[in-house]
Amino acid sequence: MSKKRVVVLTGAGVSAESGISTFRDSGGLWEKYDISEVATPEAWERNQALVMEFYNQRRKQLYEVEPNAAHYALVKLEEKYDVRIITQNVDDLHERAGSGNVMHLHGELKKVRSSVDENLVYELEGWKLKKGDTCEKGSQLRPHIVWFGEPVHMIPKAAELCSTADICIIIGTSLNVYPAAGLVGYTPPGCPVYLIDPAEVNVLHIPGVKLIREKAGTGTVTLVNELLNQLP
Ligand code: APR
């Protein structure tokens, strides 16, 4: 018999206990930086150095942190379930923990791409993207990040995946940013949806959601063990 499919939607909160700042919590990144100055195509047009430095710092930090118990629990879940992760995060902690199926909605920090052809994507060596680093067409490389105001190309694929879920788990996202926040709406009727987050998240659009008001590190481990114990 084929394994039941668990679609997991993750946000910054799943990496918080690894030491990566979230965006909208108190002390979060968007309290320290202005979105319009570092995370939009207009910002890139205006001040490439500032935008590059912002992402260089994020990338540098990524080399200093490790996956946490939540990332590892999702790997363990693969023992009995077909686990598909859809993440808003640009870190690679799910992959480094060992998860086999990870889709990045908002890009990946360790990759860079051409600023004239978005299909030219490269792994950056080291953490520092510099002025003068160019793609094969000679244009400046930019962070491989989906900025505010840019299309989220992965959404149709992610929505299709959500429509095949037997179980859905949402971890550590304020569900403020669309279209990602709307993906749960594509899960089939009757699909159980769990949401793990220590804070109160607006879940009015998720009828019947089972709230687990815990940090990812404890909440995910407990839920994964429950789901594993439900099967022989
Ligand atoms: N465990 C689980 N959840 C946590 C933890 C933790 N240890 N710490 C914080 N959280 C929760 C917060 O309560 C909040 O609900 O994580 C959530 C983080 O929300 P945001 O900072 O808004 O991050 P996210 O939802 O991932 O942001 C979405 O916004 O700026 C963009 O592109 C960026 O992908 C990002 C998108």
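The domain bounds used here come from an automatic or database domain assignment, and a residue counts as lining a pocket if it has an atom within 4 Å of one of the pocket's grid points. With these two ideas in hand, the reader can follow the open spaces of this structure, which is a predicted model.

Let us begin with the largest pocket, which holds about 1000 Å³ of space. Its lining is made of 50 residues, and those closest to its centre are A12, T22, F23, R24 and N89. Sorted by class, the lining of this pocket has 27 nonpolar residues, together with 14 polar and nine charged ones. At least two lining residues are supplied by each of helix 1 (13-16), helix 2 (29-32) and helix 5 (48-62), and it is helix 5 that provides the largest share, namely five residues.

We can now turn to the second largest pocket, whose volume is about 520 Å³. It is lined by 28 residues, of which R113, E118, H144, V146 and H153 are the closest to its centre. The elements that contribute two or more residues to this lining are helix 4 (41-46), strand 3 (102-104), strand 4 (107-114) and strand 6 (141-145), and strand 4 gives the most, with four residues. By class, the lining of the second largest pocket divides into 13 nonpolar, eight polar and seven charged residues. As for the domains, at least three residues of this lining are drawn from domain 1 and at least three from domain 2.

Which polar atoms of the protein lie by the oxygen and nitrogen atoms of the ligand? An N or O atom in the side chain of S174 is 2.5 Å from an oxygen atom of the ligand, while a polar backbone atom of G172 is 3.3 Å from an oxygen atom of the ligand. A nitrogen atom of the ligand, in turn, has a backbone N or O atom of A216 at 2.8 Å. Taken alone, the ligand would expose 730 Å², and the protein buries 92% of that area.

Conventions
Residues are numbered from 1 along each chain as its sequence is written. This is a predicted model: local features need pLDDT of at least 70, side-chain atom pairs count only at pLDDT 80 or more; totals for chains, interfaces and linings use all residues. Side-chain values use heavy atoms; hydrogens and water are left out. On a 1 Å grid over the protein atoms alone, a cavity is a set of points where a 1.4 Å probe fits but cannot get out, and a pocket is an open set with protein on both sides within 12 Å along at least five of seven lines; lining residues have an atom within 4 Å of a point. Grid points are joined across faces, edges and corners, and a volume is the space filled by probe spheres set on the points. Ala, Val, Leu, Ile, Met, Phe, Trp, Tyr, Cys and Pro count as nonpolar, Asp, Glu, Lys and Arg as charged, and the others, Gly among them, as polar. A polar contact is a pair of N or O atoms within 3.5 Å; within protein, one must be able to donate a hydrogen and the other to accept it, and residues adjacent in sequence count only if both atoms are side-chain atoms. Accessible areas come from the Shrake-Rupley method with a 1.4 Å probe; for residues, only the protein chains shown count as cover.
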